[in-house]
Amino acid sequence: MYRLLVVDDEERIRALIRKYAEFEGHQVTEASTGMEAVELCRKSANRFDLVIMDVMMPELDGFSAAAEIRKTSPLPILMLSARGEEYDKIHGFELGADDYVVKPFSPKELMLRVNAIMARTRAAGGPARQQESFAGLTVDFGARVVTVDGRRAELSPKEYDLLSYMIKNKGLALTREMLLTNVWGYDFYGDDRTLDTHIKLLRRSLGPYSKFIVTLRGVGYRFEGDGKEGGS
């Protein structure tokens, strides 16, 4: 499940992408101009996992918008354009675009490309910042170090992997199947008790910030960075 920012001045294109993206379980935020996209990313880049950006837009074109986003965020960007000339593709890639799709496009192929970009990005460490902080809880993804009120928390490798995955998908409802698949791997054949045990151990390690891990009864868990709700 990915959080996508879809930027296109044509409402029908945004609606088409939204339809297929939501069918696959992704969350979609729309922007109709390049300026709107830049502002959204400037205010909360961590809110998104990937940007799908049209090139030909009034006021601020997609290339310029992508360049502005790149100044403050490493978010993956997939460019859309009715122009398929080599120059345009090269220009897009030079600006840091991760892929370039020519209109008209197959929505199914677009989603496959989104999945491919995210697979590469997360394998390389993800688009998220190297460090995330929530009150007194800080996670350094590069060093794989977690600190609680300035003191290093002694997490097991699997506890860290679980916390890292939840933070990179913060705000999203993560089912038990999703957690087992993405944290333990496709070859894992354990049961839900393994997940529940690690959640319990992780909450113990996080101390007062265990409240950030919210239990969704009958579904799974969600990481709430503002800690408005408590887990159980």
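Colleague: Where does Ala 135 sit?

Modeller: Ala 135 is in the loop between β6 (131-134) and β7 (137-140). Helices (H or I, at least four residues) and strands (E, at least two) are DSSP runs, numbered from the N terminus. This is a predicted model: local features need pLDDT of at least 70, side-chain atom pairs need 80 or more, and totals for chains, interfaces and linings use all residues. Residues are numbered from 1 along each chain as its sequence is written, and side-chain values use heavy atoms, without hydrogens or water.

Colleague: Is Ala 135 buried or exposed?

Modeller: Exposed, with a relative accessible area of 67%. The bands are: buried under 20%, exposed over 50%, partly exposed in between (1.4 Å probe, protein chains only).

Colleague: And what about Asp 149, what's phi there?

Modeller: Near 50°, a positive value again in a residue other than glycine. Asp 149 is in the loop between β8 (145-148) and β9 (151-152).

Colleague: Cis or trans from Lys 103 to Pro 104?

Modeller: Cis, with omega near -10°. Pro 104 lies in the loop between β5 (99-102) and α5 (107-123).

Colleague: Sheets next. What's the strand order in the open sheet of five strands?

Modeller: The order is β2-β1-β3-β4-β5, with parallel pairing. Two strands pair if DSSP finds at least two bridges between them.

Colleague: Which strands stand at the edges?

Modeller: β2 (27-31) and β5. Each has a single partner strand, so one side of each is left without a neighbour in the sheet.

Colleague: How many bridges between β1 and β3?

Modeller: Four join β1 (residues 3-7) to β3 (residues 50-54), and the two run parallel. Leu 5 stands opposite Val 51 in β3.

Colleague: Which residues of helix α2 are buried?

Modeller: In α2 (residues 34-44), they are Gly 34, Ala 37, Val 38, Leu 40 and Cys 41. Their cover includes β1, β2, β3 and α3 (62-72).

Colleague: Now the open sheet of four strands. What's the order there?

Modeller: β6-β7-β8-β9, with antiparallel pairing. β6 and β9 are the edge strands, each pairing on one side only. Four bridges join β6 to β7. Gln 131 stands opposite Asp 140 in β7.

Colleague: What does α6 touch on that sheet?

Modeller: α6 packs on the sheet and touches β6, β7 and β8. Contact means heavy atoms within 4.5 Å.

Colleague: Which residues touch the most other members in the largest nonpolar core?

Modeller: Val 146, Leu 162, Leu 163, Met 166 and Phe 223, out of 30 residues. A nonpolar core is a set of buried Ala, Val, Leu, Ile, Met, Phe, Trp, Tyr and Cys residues joined through side-chain atoms within 4.5 Å.

Colleague: Which elements each supply at least two residues of this core?

Modeller: β7, β8, α6 (157-168), α7 (176-184), α8 (192-206) and β12 (220-223). α6 gives the most, with six residues.

Colleague: What does Leu 162 touch?

Modeller: Leaving out residues up to four places away in sequence, Leu 162 touches Leu 179, Val 183, Trp 184, Leu 195, His 198, Ile 199 and Leu 202.

Colleague: How many residues are in the second core?

Modeller: That separate core has 22 residues, including Leu 60, Phe 63, Ala 66 and Ile 69.

Key
Axes are lines fitted to C-alpha atoms, for helices over the stretch in contact, and angles run from 0 to 180 degrees between N-to-C directions.
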